[in-house]
Amino acid sequence: MRSKTKGKSYVQLEMDENHQLPPTNHNHNRCLSGRFWCIKDICGMFCVFFTWLLILYAEFVVLRVILYSHPNKIFSVINGIIFQTLAFLAISSHIRTMLTDPGAVPRGNATKENIQKMGFEEGQVIFKCPKCCSIKPERAHHCSVCQRCIKKMDHHCPWVNNCVGEQNQKFFVLFTFYIGLISYHSLFLGINHFISCIHGDWRTCTVYSPPATVVFILFLLFEGLLFALFTSIMFGTQVSAIWYDETGIEALKKEEARWVKKSKWKSMQAVFGRFSLSWFSPFSKLSPPGKQHSYLISV
């Protein structure tokens, strides 16, 4: 049995007279005339630009320092294409995660008129977020950065300047996947080139001076190792959360499952769609979420 003290009845949601709803703004957290979702958070925007800067640095070292002067041109071309493809997919996944609405609940929709339109009956218990005055769907949590309730919210990630939720979790998983791949690829290329220069002639293995080359490669190896570990762990936790149908917040709070859990394969399909190559594409269209009966839930 759910505690009745956690929710409000239909009558209670007719509102306390001294409690005012925030004005509904359909372009809240949106930019370019509402076309894209975007969070105006200074810390998040700094993390986004820093992420792009690190990817550009890896591009410079791999393409200019390592592959440009490599004696085996076939090796250079093949690895250059692989690295560029993975980097393009990683950046695309990052942008899709950042600019996709994660599943925000409309602000200020806990009004008598909306409740009547949704077909709730008098006496039914409805749960409302006191911070954004929204009828709170099942498994939704309020994000203090986005200032919205997010459906099936996993966590807020400053590296993508957005919440990871119902509608953009696939893109976040792909972002960690492709960043992990280019990190491991960078480690392979950096170590291979460093060994080649040691056993060969430093003046012919790179267009830069030996000290500069050493600094470039060492920082690339440090960056690659750091992000390979970080994204591998993040990718594993995300796939595990999807597989067991439990978000990061739910696991952290040890919330009791009040929803009907999907089978493991159905949980994967709910995020990625039916299995195909589109699972690995940040450009594929998201399948619309299933019918939700989710407004009678606990906070």
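These legends walk through several close-up views of a predicted model of one protein chain.

The model is predicted, so local features are given only where pLDDT is at least 70 and side-chain atom pairs count only at pLDDT 80 or more, while totals for chains, interfaces and linings use all residues. Residues are numbered from 1 along each chain as its sequence is written, and side-chain values use heavy atoms, with hydrogens and water left out.

View 1. Helices (H or I, at least four residues) and strands (E, at least two) are DSSP runs, numbered from the N terminus. Of the 299 residues, 45% count as buried; here buried means under 20% relative accessible area, exposed over 50%, and partly exposed in between (1.4 Å probe, protein chains only). The chain exposes about 16500 Å², and carbon and sulfur atoms supply 64% of that area. Accessible areas come from the Shrake-Rupley method with a 1.4 Å probe; for residues, only the protein chains shown count as cover. Among contacts (heavy atoms within 4.5 Å) with a separation of 6 or more, 72% link residues 24 or more positions apart.

**View 2. The largest nonpolar core has 27 residues.** A nonpolar core is a set of buried Ala, Val, Leu, Ile, Met, Phe, Trp, Tyr and Cys residues joined through side-chain atoms within 4.5 Å. F172, I179 and L220 have the most contacts inside this core. Helices α1 (42–67), α2 (73–99), α4 (169–199) and α6 (210–243) each supply at least two of its residues, and α1 gives the largest share, nine residues. Setting aside neighbours within four places in sequence, F172 touches T97, H155, C157, V160, V164, M234 and Q238. A second, separate core of nine residues includes I39, A104, C143 and I249.

**View 3. H193 sits in helix α4.** This histidine is buried, with a relative accessible area of 3%. Beyond its neighbours within four places in sequence, H193 is in contact with V65, I66, C205, T206 and I217.

**View 4. C31 and C38 are joined by a disulfide.** A disulfide is a pair of cysteine sulfur atoms within 2.5 Å, and the S to S distance here is 2.5 Å. A search of the whole structure finds one disulfide. C31 is partly exposed, with a relative accessible area of 23%, whereas C38 counts as buried at 13%. C132 is in no disulfide, and its nearest cysteine sulfur, that of C149, is 3.6 Å away. C132 is buried too, at 1% relative accessible area.

**View 5. C133 and D245 each have a positive phi without being glycine.** For C133, phi is about 55°, and this residue lies in the loop between β5 (128–129) and β6 (134–135). C133 counts as buried at 2% relative accessibility. Its sulfur is 7.1 Å from the closest cysteine sulfur, in C132, so the two are too far apart for a bond. D245 has a phi near 55° and lies in the loop between α6 and α7 (248–253). D245 is buried, with a relative accessible area of 2%.

**View 6. W243, Y244, W265, F275, L277 and F280 make a nonpolar surface patch of about 700 Å².** Patches are made of residues with over 30% relative accessible area and no salt bridge; like charges are joined within 9 Å, and nonpolar side chains (Val, Leu, Ile, Met, Phe, Trp, Tyr) within 5 Å. A salt bridge is a side-chain nitrogen of Lys or Arg within 4 Å of a carboxyl oxygen of Asp or Glu. F275 lies in the segment after α8 (264–272) and counts as exposed at 54% relative accessibility.
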